[in-house]
Amino acid sequence: MRILGISGSLRTASSNSATLRAMALLAPPFVDFVLYDGLASLPHFNPDLDRADASQPPPCEVCALRKSIGQSDGVVIASPEYAHGVPGSLKNALDWLVGSVEFPGKPVAVINTSPRAIHADAQLREILTTMSAKLIEMGPIAVPYDAKEIAFGLTLSDKLRAALSDLIEAMQDP
Ligand code: FNR
């Protein structure tokens with residue numbers, strides 16, 4: 001099976017991206033855990049570019065995102081909170097998926113790496129529910145802030161390792 005990880009952070013040393021990289025390492029051999037790397041290059045969402053009767057297909061970056069979603073059995077989103085909200089770049093990607101045939105019914109898990117970031121987490125769940133995603137409900141997964149060490153797999157506590165592995169398992173039977 002294939003799981004697509006989407007980080008809501010464009011930061012090089014992002015703890016959210018590092019968490020998804022850790023999940024890719026923890027995934028069993030039969031799970032292809034792929035990280036989406038196109039968030040920064042997606043154009044701003046514009047419904048004019050996304051109409052069924054438009055003379056042109058949507059921008060190629062959008063087609064690539066939708067294709068990647070379509071090829072995946074599930075999606076894991078790990079995102080920071082900015083000003084009590086979902087980061088604009090992540091919301092932009094989700095807006096491009098609203099009118100897609102690939103997204104509705106897709107199993108999606110949300111990882112909240114910061115226990116304080118309750119607003120973005122709640123917003124993300126509301127948005128995904130509105131988009132008819134199949135939300136995978138798991139307990140909160142808190143990730144220590146030292147992203148650099150997580151990136152190299154040094155500070156994965158047993159608890160965090162178990163939580164991320166449990167999430168991968170839950171994705172297999174959504
Ligand atoms: C933040 N952060 C933040 N945290 C939070 O709990 N509530 C908030 O409203 C905000 N707002 C906010 C605004 C801006 C402009 C920045 C740069 C940061 C903190 C942020 O969510 C936290 O550091 C994340 O862990 C960063 O994630 P990455 O980049 O490490 O993946």
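**Helix packing and burial**

Mentor: Helix 1 and helix 6 are roughly perpendicular to each other. Keep in mind that this model is predicted.

Trainee: At what angle do the axes of helix 1 and helix 6 cross?

Mentor: Angles of 65 to 115 degrees count as roughly perpendicular. Here the axes of helix 1 (residues 15-26) and helix 6 (residues 158-172) cross at roughly 70 degrees. They come within 10 Å.

Trainee: Which residues make the contact between helix 1 and helix 6?

Mentor: Helix 1 brings Ala22, Met23 and Leu26. Helix 6 answers with Arg161, Leu164, Ser165 and Ile168. By class, this contact has 5 nonpolar, 1 polar and 1 charged residues.

Trainee: How do I read the sides of a helix?

Mentor: An α-helix has 3.6 residues a turn, so residues three or four places apart point the same way. Now take helix 2 (residues 60-70). Val62, Leu65 and Ile69 are its buried residues. They span an arc of only 60 degrees around the axis, which puts them on the same side of helix 2. Cys60 and Lys67 are exposed on the other side.

Trainee: What do the buried residues of helix 2 pack against?

Mentor: Their partners are strand 1 (2-7), strand 3 (74-78) and helix 3 (88-98).

Trainee: Which residues of helix 3 are buried?

Mentor: Leu90, Ala93, Leu94, Trp96 and Leu97. Look down the axis of helix 3: these residues fall within an arc of 155 degrees, so they line one face of the helix. Their cover includes helix 2 and helix 4 (118-130).

Trainee: At what angle do helix 2 and helix 3 pack?

Mentor: About 75 degrees, with the axes of helix 2 and helix 3 10 Å apart. That makes helix 2 roughly perpendicular to helix 3. Val62, Leu65, Arg66 and Ile69 in helix 2 meet Ala93, Trp96 and Leu97 in helix 3. The contact divides into 6 nonpolar, no polar and 1 charged residues.

Trainee: Backbone angles next. Which phi does His84 have?

Mentor: His84 has a positive phi of about 60 degrees, although it is not a glycine. His84 lies in the loop between strand 3 and helix 3. With 11 other C-beta atoms within 10 Å, His84 is exposed.

Trainee: And where does Ser132 lie?

Mentor: Ser132 is in the loop between helix 4 and strand 5 (134-136). Ser132 is not a glycine either, and its phi is positive, at about 65 degrees. Ser132 is exposed, with 11 other C-beta atoms within 10 Å.

Trainee: Last, the ligand. Which residues come nearest to the ligand?

Mentor: List the shell, then sort it by class. Of the 15 residues around the ligand, Ser9, Ser14, Ser15, Asn16 and Pro80 come nearest. The shell has 5 nonpolar, 7 polar and 3 charged residues.

Key: Residues are numbered from 1 along each chain as its sequence is written. This is a predicted model: local features need pLDDT of at least 70, side-chain atom pairs count only at pLDDT 80 or more; totals for chains, interfaces and linings use all residues. Axes are lines fitted to C-alpha atoms, for helices over the stretch in contact, and angles run from 0 to 180 degrees between N-to-C directions. Helices (H or I, at least four residues) and strands (E, at least two) are DSSP runs, numbered from the N terminus. Angles under 35 degrees count as roughly parallel, over 145 as roughly antiparallel, 65 to 115 as roughly perpendicular and the rest as oblique. Two residues are in contact if their C-beta atoms, placed from the backbone, lie within 7 Å. Ala, Val, Leu, Ile, Met, Phe, Trp, Tyr, Cys and Pro count as nonpolar, Asp, Glu, Lys and Arg as charged, and the others, Gly among them, as polar. A residue is near a molecule or strand if its C-beta atom, placed from the backbone, lies within 6 Å of it. A residue is buried if 20 or more other C-beta atoms lie within 10 Å of its own, exposed if 12 or fewer, and partly exposed in between; C-beta atoms are placed from the backbone. The arc is that of the directions from the helix axis to the C-beta atoms.
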